[in-house]
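Please keep the sequence and the structure in view while reading.

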Amino acid sequence: MYDVIVVGGGPGGAVAAQRCAQGKLRTLLLERKKLPRDKVCSGMVMGPWARDIIQQEFGTIPPEVLVEPCQLSGHMMHVPGMKSQRIMCNTPLAWRKDLDFWMIQTARKAGVELWEGARVTEVHQEAGVCTTTLMHGKKLRELKSRFVIGADGGASAVRKSLFPLIKVAYSVPIRECYAGALNLEKDYFHWFFPKLRPRPRFALNHKDDCFLIEGSGIKELRDEINHILAKYGFNPHSKPLWRDGCQIPRLHEALISGAFSPAKGNILLIGDAAGLLFPITFEGIGTALKSGILAAGSIARSIKASRAAAEIYLRDLKPVLKIIEGFHSWNKKLELEAAREAGEFSKTLKAAYAQTLKVG
Ligand SMILES: Cc1cc2nc3c(=O)[nH]c(=O)nc-3n(C[C@H](O)[C@H](O)[C@H](O)COP(=O)(O)OP(=O)(O)OC[C@H]3O[C@@H](n4cnc5c(N)ncnc54)[C@H](O)[C@@H]3O)c2cc1C
């Protein structure tokens with residue numbers, strides 16, 4: 001019998017598990033993949049939540065965890081017919097496999113037990129006991145705990161198990177990695193809006209000796225990407241070194257309206273499993289860390305007060321949802337400006353991204 005089982009070894013799972021272990025709770029972290037594992041992500045430690053929580057909970061990111069350039073100077077927005085706009089914002093940059101592995105190692109030192117290659121298939125709760133079913137290697141196992149934290153990302157098995165009736169739409173971003181560099185400033189993250197709308201868009205950034213093109217609009221924008229990036233030296237016939245993709249649940253409207261509340265009884269969802277990525281930038285490391293801390297704190301208080309953890313967690317999560325609601329309405333504003341005029345769109349775009357990067 002564990003006190004807490006945390007499902008998923010991303011930033012949310014790592015911080016939640018570490019906090020629980022530091023609170024003297026017997027904590028098991030289950031991760032589907034063998035570590036270190038990569039994650040489709042630009043790897044920017046963006047926004048105050050990500051920066052401050054990482055520093056406070058795990059310490060200074062070691063230089064070997066960061067890439068070249070180790071820090072971005074900011075973001076650059078490219079709208080056709082308009083001068084490119086800069087948002088200055090120092091942002092540490094890493095491959096997620098290295099960043100997340102470092103956090104997990106720190107959590108293990110704090111007393112977290114880790115099982116790798118442990119894929120959770122189902123979670124349920126009855127009379128204050130949670131049962132987690134998983135495949136560990138080739139073995140089917142059932143584990144008991146008082147609490148479960150679902151930190152298992154966008155396609156969360158814990159969420160599906162807890163809310164089988166919720167229908168979720170997904171964005172499916174793709175990431176392509178090419179060898180070499182383009183003639184674009186390497187210390188900026190470049191956002192392109194070829195259709196003069198917030199979406200579809202694509203992004204480009206450099207890491208070590210390669211550059212990455214990513215976004216959910218990549219397939220749709222293939223011709224535009226080739227045309228736009230040719231100006232910066234991209235050969236449209238070049239083949240990526242590799243390509244991958246993932247699923248992002250679109251849960252903002254349901255979270256804001258209350259149609260979806262990411263917890264029940266003693267099972268709590270955090271980070272992408274709860275759909276907490278910020279609208280606009282799709283920053284999610286900070287919200288995963290923030291919700292991970294809230295979930296661990298709710299469990300500690302639930303034990304003291306003999307109350308369901310979900311009740312405490314959902315109340316503590318309200319300010320996060322308020323911020324998401326604010327950014328969601330910026331998104332709508334962007335759509336409106338886009339329909340009117342490129343200049344206004346470009347101005348609102350910069351304001352919306354700057355605001356999103358600052359808050360949290
Ligand atoms: C293209 C793209 C770029 C992005 N860029 C940024 C960025 O630069 N900065 C930023 O802040 N955010 C970015 N994000 C968002 C960010 O990647 C996520 O919001 C963040 O990783 C969420 O963290 P998490 O801990 O909730 O989940 P994850 O990091 O997704 O971790 C979930 C973990 O759970 C494991 N898992 C899944 N299913 C199971 C299971 N059934 N059993 C056991 N384990 C399981 C997975 O293997 C994984 O290790 C980006 C997202 C995309 C798609």
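A polar side-chain atom of Glu31 is placed 2.6 Å from an oxygen atom of the ligand, a polar contact in the sense of a pair of N or O atoms within 3.5 Å. Arg96 likewise brings a polar side-chain atom to 2.8 Å from a ligand oxygen atom. With Ser42 it is a polar backbone atom that lies 3.0 Å from a nitrogen atom of the ligand. On its own the ligand has 1000 Å² of accessible area, of which the protein covers 94% (Shrake-Rupley method, 1.4 Å probe).

This is a predicted model, in which local features need pLDDT of at least 70 and side-chain atom pairs pLDDT 80 or more, while totals for chains, interfaces and linings use all residues. Residues are numbered from 1 along each chain as its sequence is written, and side-chain values use heavy atoms, without hydrogens and water.

The shell around the ligand comprises 38 residues, the closest being Glu31, Arg37, Met44, Arg96 and Asp272; a residue belongs to it if one of its heavy atoms lies within 4 Å. Strand β6 (118-126) gives the most, with three residues, and α1 (11-22) and α7 (285-305) are also among the elements that each supply at least two. Helices (H or I, at least four residues) and strands (E, at least two) are DSSP runs, numbered from the N terminus.

Gln71 is part of strand β3, residues 66-78. Because its relative accessibility is 38%, Gln71 counts as partly exposed, the class between buried (under 20%) and exposed (over 50%), with a 1.4 Å probe and protein chains only. Beyond its neighbours within four places in sequence, Gln71 contacts Asn90, Thr91, Pro92 and Asp187 (heavy atoms within 4.5 Å).

Definitions and conventions:
Polar contact = N/O pair within 3.5 Å; in protein donor to acceptor, adjacent residues only side chain to side chain.
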